[in-house]
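Trainee: Could we go through this structure together, slowly? I would like to learn how to read what is inside.

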Amino acid sequence: MDKNLFIGREYEIRQLEKYRDSKESEFIIVYGRRRVGKTFLVKEFFDDTYDFKVTGLYKKPKKTQLKNFYLALLEYGASVKKVPSDWLEAFAELKKLLKSLKIERKKIIFIDELPWLDTPKSEFLSAFEGFWNGWGAQQNDLMLVVCGSATTWIANKILSDKGGLFNRAARRLYLMPFTLQETERYLVSRGIHWSRYDIVECYMIMGGIPYYLKLLDNELSYLANIDTIFFRRNGTLWDEFDHLYETLFGNSKGYLKIIEALSTKKSGLTRKEIISETKLEDNGLLTEMLKNLKDSLFVRAYNTFGYDEKYIVYQLADYFTLFYLRFMKGRQNPDEHFWTHFLDNPSKSSWAGQTFEQVCKDHLPQVKKAIGISALLTDISSWHGASERGKAQIDLIIDRRDRTTNICEIKFSVGEFVIDKDYEFRLRQKMEVFREATKSKKALQLVMITTYGVRQNAHSSIVQSQVRMDDLFNSVE
């Protein structure tokens, strides 16, 4: 393994090294959002060298999956004579193959896209459980690694306490998207040297998804890259949206109704509001869909300040989805330089301001470090309400255990942000509305999170702490 190939993933690599060197058999699940780099991590860690590897086939029947498994057995030296008739027979042949290997190190089994093998009525999962629970876990020289983008399947079929593999799958590695710092390092490693402003804008479109970032061309500007990847005819990510949801969720229509409803309200919707917007039934299926969207990081669930935990706001949090629904869905405009021509459009500025709030929420450890409260326990929430002074909305509240509450105001601008007399008045009013409506007795501190800081003038003293764009690129270790 060449560690120089990896950006981030230091924790995951340390864990894989520990599992590889342990004195017992290990069952490791590597899961996370589609395109986040699961297969790449496993492939590079093991130098693409396994004692058995198979990849599930998307939307293929049991018969085809079994033939694919059979061909993999042959590739790795099994003496199997025919395609297994069922999964019990298939795993019996795998067991026979592994027992025949005479090697000193652990035997490495890699099953990629495991959920796709579990076709309807195939009884795959029971056979898989039997293979591992009945034999594999009893050995001391196996390392079974499975991957899957269908986070919901893994959560419900393997990690759930209702499954036969519960607690057998003790090793879980959930791959998160890159942070801004990791994104910058990744771009530099590929010869891309952009300003941090451009990197943040790119992040607001692609998130920290390695596959998307890999598509960037170091000979093109940020704007030209977005045009080429998204808006050129047959661009690489032109049809990514449909594939993304179809491969992750069985009932993609229901999920898309939720996603599209959330895309219309930047601050998010409550469960009741989601039902009203989508006309979906208020039942266990909706609960499951919301949980799955949250587990897959497409949706963020937020508490509302001053309410109990049942009053949850769901907010669309996937950058690519936000970008697609805002600028690509249903677009008939043939302009292949749309993003470049759209540079100064007010709609783009509105999108950037709203999405920068998401970036800040995804980098809360960096925000806390910048204002000097990394070690403090905090509760994160949003709030909207009213008092006799009027209405107010606060998208990010950091409620601290030292009897202080940070009211965060987030602004994305091309230069220093200027607070004038009117804006200072609105900020003071917002804080007073919050105090009166919530009856908070804590000290309120205004935090401005901006790209290049707040310009010092007669009205800037209202700001008690600042977080600049550069702070979001910091390490928090």
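**Rings, cores and charges**

Mentor: Let us begin with helix α4, where W87 and F91 both lie, four residues apart, which is about one turn of the helix; helices here are DSSP runs of H or I with at least four residues, strands are runs of E with at least two, and both are numbered from the N terminus. Please keep in mind that this is a predicted model, in which local features need pLDDT of at least 70 and side-chain atom pairs count only at pLDDT 80 or more, while totals for chains, interfaces and linings use all residues. Residues are numbered from 1 along each chain as its sequence is written, and side-chain values use heavy atoms, with hydrogens and water left out.

Trainee: Are W87 and F91 buried or exposed?

Mentor: Both W87 and F91 are buried, where buried means under 20% relative accessible area, exposed means over 50%, and partly exposed lies in between, using a 1.4 Å probe and protein chains only.

Trainee: And how are the rings of W87 and F91 placed?

Mentor: Their centres are 6.0 Å apart and their planes are at 40°, so the pair W87 and F91 is tilted. Rings of Phe, Tyr and Trp (its six-membered ring) pair if their centres lie within 6.5 Å, with planes under 30 degrees apart counted as stacked, over 60 as edge-to-face and the rest as tilted. The rings of F178 and Y186 are also tilted, because their planes are at 50°, with the centres 5.8 Å apart.

Trainee: How many aromatic pairs does the structure hold?

Mentor: The structure holds 47 aromatic pairs.

Trainee: Which residues have the most contacts inside the largest nonpolar core?

Mentor: They are M206, F230, F323, W339, F356 and I449, in a core of 100 residues. A nonpolar core is a set of buried Ala, Val, Leu, Ile, Met, Phe, Trp, Tyr and Cys residues joined through side-chain atoms within 4.5 Å. Apart from this core lies another, of 37 residues, with W87, A90, L94 and L114 among them.

Trainee: What does F230 touch?

Mentor: Leaving out residues up to four places away in sequence, F230 touches I205, M206, L237, W238, F320, F323 and M328, where a contact means heavy atoms within 4.5 Å.

Trainee: New topic: why is helix α5 described as largely enclosed by the rest of the structure?

Mentor: Helix α5 covers residues 124-134, and eight of its eleven residues are buried, so the helix is largely enclosed. Its buried residues include F124, F128 and W132, and also E129 and N133. Among the elements that cover them are β1 (26-32), α4 (87-100) and α6 (151-159).

Trainee: What about charges, then: how many salt bridges are there?

Mentor: The search of the whole structure finds 29 salt bridges, each being a side-chain nitrogen of Lys or Arg within 4 Å of a carboxyl oxygen of Asp or Glu. One of them joins E201 and K348, whose closest N and O atoms are 2.8 Å apart. E201 lies in helix α8 and K348 in helix α17, so the pair ties together parts that are 147 residues apart in sequence.

Trainee: Last one: how many disulfides does the search find?

Mentor: It finds zero disulfides, a disulfide being a pair of cysteine sulfur atoms within 2.5 Å. For C360, the nearest cysteine sulfur is that of C408, 8.5 Å away.
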